[in-house]
Amino acid sequence: MLQKLRFKTIRAKILSGFFIIVFFIACFNTYSYFANKRVITASENIVHKELQLLTANEKLASTISVRTTAAKSYVLTGNQQYKKEFDEYIKIAEENNAILTEYSTDASLATTVEKAREWRNYVQTKVFDEYDKGNIEMAIENLNSIDTLATEIRQSYEGLALAREDAINKLGEEMIVQSKFTMRLGIFIGLLTTMLAIVTAYFSACMIANPIKVVIEKISRMAEGY
């Protein structure tokens, strides 16, 4: 009965040691899963949202500059190609405005988009239409009068682009910090489980070997007649 109880005690100690190791490994694996999930989510956010917003804002700032140049070139030369270029970049602007509307939560976005559309409509009606009617001086004067507005709109889009760039940098830094912490924690858990495994193996060997040693000694004494 005593030997049976001792055997159960030894088995319980061995199992307890291995359960502790398994527990630490399971905790680390769980943490790693959620840490990697956060990194993946941040990466997807950069790829599917922040980069698109950054690109869209940069393109919109560029379209303002291109259209401003096209409008000035048209009233100076009357070349229809410049007017056509202006219209082509309107399509590009609207495509990128759709991206901003879908992904951006910036409160100033709607105001900037509305100003850009007002500027576009003004150029088409008060500049191009007046020029086509022969009112060249009025067209030039009207275009110059909204030069400040065009600059303001372009700077607004550039500001939004810079905000997106800062957001991407921040997410990147967070991902780096998270990855470094996970790596350090992995090394710590690895060392800890290795030490626990060595300690568990040593004590397990002792708990198994010592009773066997005692039995062997008893058998030896019995064989010698003691």
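Here are some worked exercises on a predicted model of a protein.

**Exercise 1. Work out how many helices and strands the protein has, and in what order they come.**

Step 1: count the elements. The protein has five helices and zero strands.

Step 2: read them off along the sequence. The pattern is α-α-α-α-α.

Step 3: look at how the chain contacts itself. Take the contacts with a separation of 6 or more: 81% of them come from residues 24 or more positions apart.

Step 4: Of the 226 residues, 29% are buried. The accessible surface comes to about 14800 Å², and carbon and sulfur atoms own 62% of that.

**Exercise 2. Decide which helix has the lowest mean pLDDT and which the highest.**

Step 1: Mean pLDDT for the protein is 80, with 76% of the residues at 70 or more.

Step 2: go element by element. Helix H1 (residues 2-77) sits lowest with a mean of 75, while helix H4 (residues 136-145) comes out highest at 93.

Step 3: zoom in on residues 2-7. Here pLDDT stays under 50, and the model has zero contacts beyond four places in sequence for this stretch.

**Exercise 3. Check what span helix H3 should have, and what its end C-alpha atoms give.**

Step 1: H3 covers residues 109-132, so its 24 residues at 1.5 Å a residue should span 34 Å.

Step 2: compare. The end C-alpha atoms are 33 Å apart, which agrees.

Step 3: look for a bend. There is one of about 25° at Val 123. Val 123 is also among the buried residues of H3, a list including Trp 119, Arg 120, Val 127 and Tyr 131.

Step 4: see what follows the helix. After H3 comes Gly 134, with a positive phi near 100°.

**Exercise 4. Run the length check on helix H2 and find which residue caps its N-terminal end.**

Step 1: the length. H2 (residues 80-103) has 24 residues and reaches 36 Å from first C-alpha to last, close to the expected 34 Å.

Step 2: the buried residues. H2 buries Lys 83, Phe 86, Ile 90, Ala 93, Asn 96, Asn 97 and Leu 100.

**Exercise 5. Is Asn 142 buried or exposed, and which residues is it in contact with?**

Step 1: Asn 142 is part of helix H4.

Step 2: apply the cut-off. Buried means under 20% relative accessible area. Asn 142 has 14% relative accessibility, so it counts as buried.

Step 3: list the contacts, skipping neighbours within four places in sequence. Asn 142 then touches Tyr 122, Lys 126, Val 127 and Glu 130. Val 127 and Glu 130 are also among the buried residues of H3.

**Exercise 6. Find which residues Arg 164 is in contact with, then follow up on Glu 50 and Glu 158.**

Step 1: start with Arg 164, which belongs to helix H5. Its relative accessibility is 15%, so it counts as buried.

Step 2: list the contacts. Setting aside neighbours within four places in sequence, Arg 164 is in contact with Glu 50, Leu 53, Leu 54 and Asn 57.

Step 3: pick up Glu 50, which lies in helix H1. At 5% relative accessibility, Glu 50 counts as buried.

Step 4: move to Glu 158, another residue of helix H5 (residues 147-223). Its relative accessible area is 35%, which makes Glu 158 partly exposed. From Glu 158 to Leu 60 the C-alpha distance is 8.5 Å, and the pair are 98 residues apart in sequence.

Methods. Residues are numbered from 1 along each chain as its sequence is written. This is a predicted model: local features need pLDDT of at least 70, side-chain atom pairs count only at pLDDT 80 or more; totals for chains, interfaces and linings use all residues. Side-chain values use heavy atoms; hydrogens and water are left out. Helices (H or I, at least four residues) and strands (E, at least two) are DSSP runs, numbered from the N terminus. Buried means under 20% relative accessible area, exposed over 50%, partly exposed in between (1.4 Å probe, protein chains only). Contact means heavy atoms within 4.5 Å. Accessible areas come from the Shrake-Rupley method with a 1.4 Å probe; for residues, only the protein chains shown count as cover. The expected span of a helix is 1.5 Å times one less than its number of residues. The bend at a residue is the angle between axes fitted to the seven residues ending there and the seven starting there. pLDDT is the predictor's confidence in each residue, from 0 to 100. A polar contact is a pair of N or O atoms within 3.5 Å; within protein, one must be able to donate a hydrogen and the other to accept it, and residues adjacent in sequence count only if both atoms are side-chain atoms.
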